[in-house]
Amino acid sequence: MTLLRSVNRLGLKAMHCLEPEAAHNLTIKMLATGVGLWPKPVQDPRLSYQLADLTFKSPLGMAAGFDKNGEVPIPLMKMGFGHVEVGTVTPLPQPGNPRPRNFRLTADKAVINRYGFNNEGHGALKARLAKLPRQRPGILGVNIGANKTSEDRAADYVQGIEAFASAADYFTANISSPNTPGLRDLQAKDALTDLLSRTMAARDAQTAKVGRQVPVLLKIAPDADEALLADIAEVALAQKVDGLIISNTTISRPPLKDSAQASEAGGLSGAPLFRLSTIALAKMRRLVGPDLPIVGVGGIHSGETAWAKICAGANLLQLYSAMVYEGPDLVADINAYLLQKVQEEGLSSLQQAVGSNAEAWASEPLS
Ligand SMILES: Cc1cc2nc3c(=O)[nH]c(=O)nc-3n(C[C@H](O)[C@H](O)[C@H](O)COP(=O)(O)O)c2cc1C
């Protein structure tokens, strides 16, 4: 083990002595002040991906929720993440649920959270993003959501598009967090049609103003059954979303070693989510066909799991929970592994592997 890895292991151990939310806040502070060491990012044209006018230099991104208020996108990009999704941001600031609301299930390499969209709101994020350089080392996504007390939730997504059309490289409409009561109801066919038609119209209205069509991705839950997945696919294609993100955290509880924490309410993420989210991804790939971009997220914690998501049908990847257990070395490790697989399999690019094992994953049951 190199000295750098040993130092990072010790850093992680120290972080795990703190309460999870305190550890997270400290991590953000450290990154914001330039503290942190990691291996040189692995970049290679064979790992890059083009989504509309955006070139993702690395397939792996930081998932939403890590940098809710857009404090550290540039340090995360320098760490080797090809994209960073800030948010979820809601129009008005809101405190979220009472603490504690973030739990480590160390034996499972998992996290349960019930934050409930705590964030500083559109105004604060807008001000912060305005200070970022125009030339950035990675792609910046803005993940938009609705306030807990909003009476017209679709209107909150429209406001999100209007607020960030000039700052965001792409948008994610997050309708899948389990911690805002009723939010996931937006996945039902009629509600989703209303939400997406208004969101895409708002995006189109901004296109002339900002001089480009900002892609809009839809982030869904892994807890859908086959019928709901089919409905989401149909509406997403009809409304011409630019891609899907699969998936958010799960409200289900696969067998877990840490039975005390397992009963905490909230969304489960990390290694135990890998199987369910990958099956949902592959089923969705089968439903939407090969052309719609899909970002695979849920339980990626190694080069092997990253490669499996690609083969199940993902064009791009994201992770969050594995950072808690593996630290920043993981980013270079995953990219190095993916590059090695591209070479071993004799491919000219990672994208040639997308969906190569989708049928096997898609035939698995969702429960
Ligand atoms: C503490 C925590 C907070 C999260 N907050 C958000 C959020 O605000 N918006 C969102 O779309 N997803 C959020 N997520 C979900 C992640 O973006 C991701 O979809 C999920 O954790 C699965 O990936 P993972 O297993 O790599 O963590 C959060 C996840 C965690 C662990």
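1. A note on the basis. This is a predicted model: local features need pLDDT of at least 70, side-chain atom pairs count only at pLDDT 80 or more, and totals for chains, interfaces and linings use all residues. Residues are numbered from 1 along each chain as its sequence is written, and side-chain values use heavy atoms, without hydrogens and water.

2. Polar contacts are pairs of N or O atoms within 3.5 Å. The side chain of Lys 219 places an N or O atom 2.8 Å from a ligand oxygen. For Lys 68 the distance is 2.9 Å. For Asn 174 it is 3.0 Å. Alone, the ligand exposes 600 Å² (Shrake-Rupley, 1.4 Å probe). The protein buries 99% of that.

3. Now the core. A nonpolar core joins buried Ala, Val, Leu, Ile, Met, Phe, Trp, Tyr and Cys residues through side-chain atoms within 4.5 Å; buried means under 20% relative accessible area (1.4 Å probe, protein chains only). The largest has 87 residues, and Phe 81, Val 142 and Met 284 have the most contacts (heavy atoms within 4.5 Å) inside it. Its largest share, eight residues, comes from helix H9 (residues 274–288; a DSSP run of H or I, at least four residues).

4. A second, separate core has 12 residues, including Tyr 49 and Val 297.

Definitions and conventions. A polar contact is a pair of N or O atoms within 3.5 Å; within protein, one must be able to donate a hydrogen and the other to accept it, and residues adjacent in sequence count only if both atoms are side-chain atoms. Buried means under 20% relative accessible area, exposed over 50%, partly exposed in between (1.4 Å probe, protein chains only). Helices (H or I, at least four residues) and strands (E, at least two) are DSSP runs, numbered from the N terminus.
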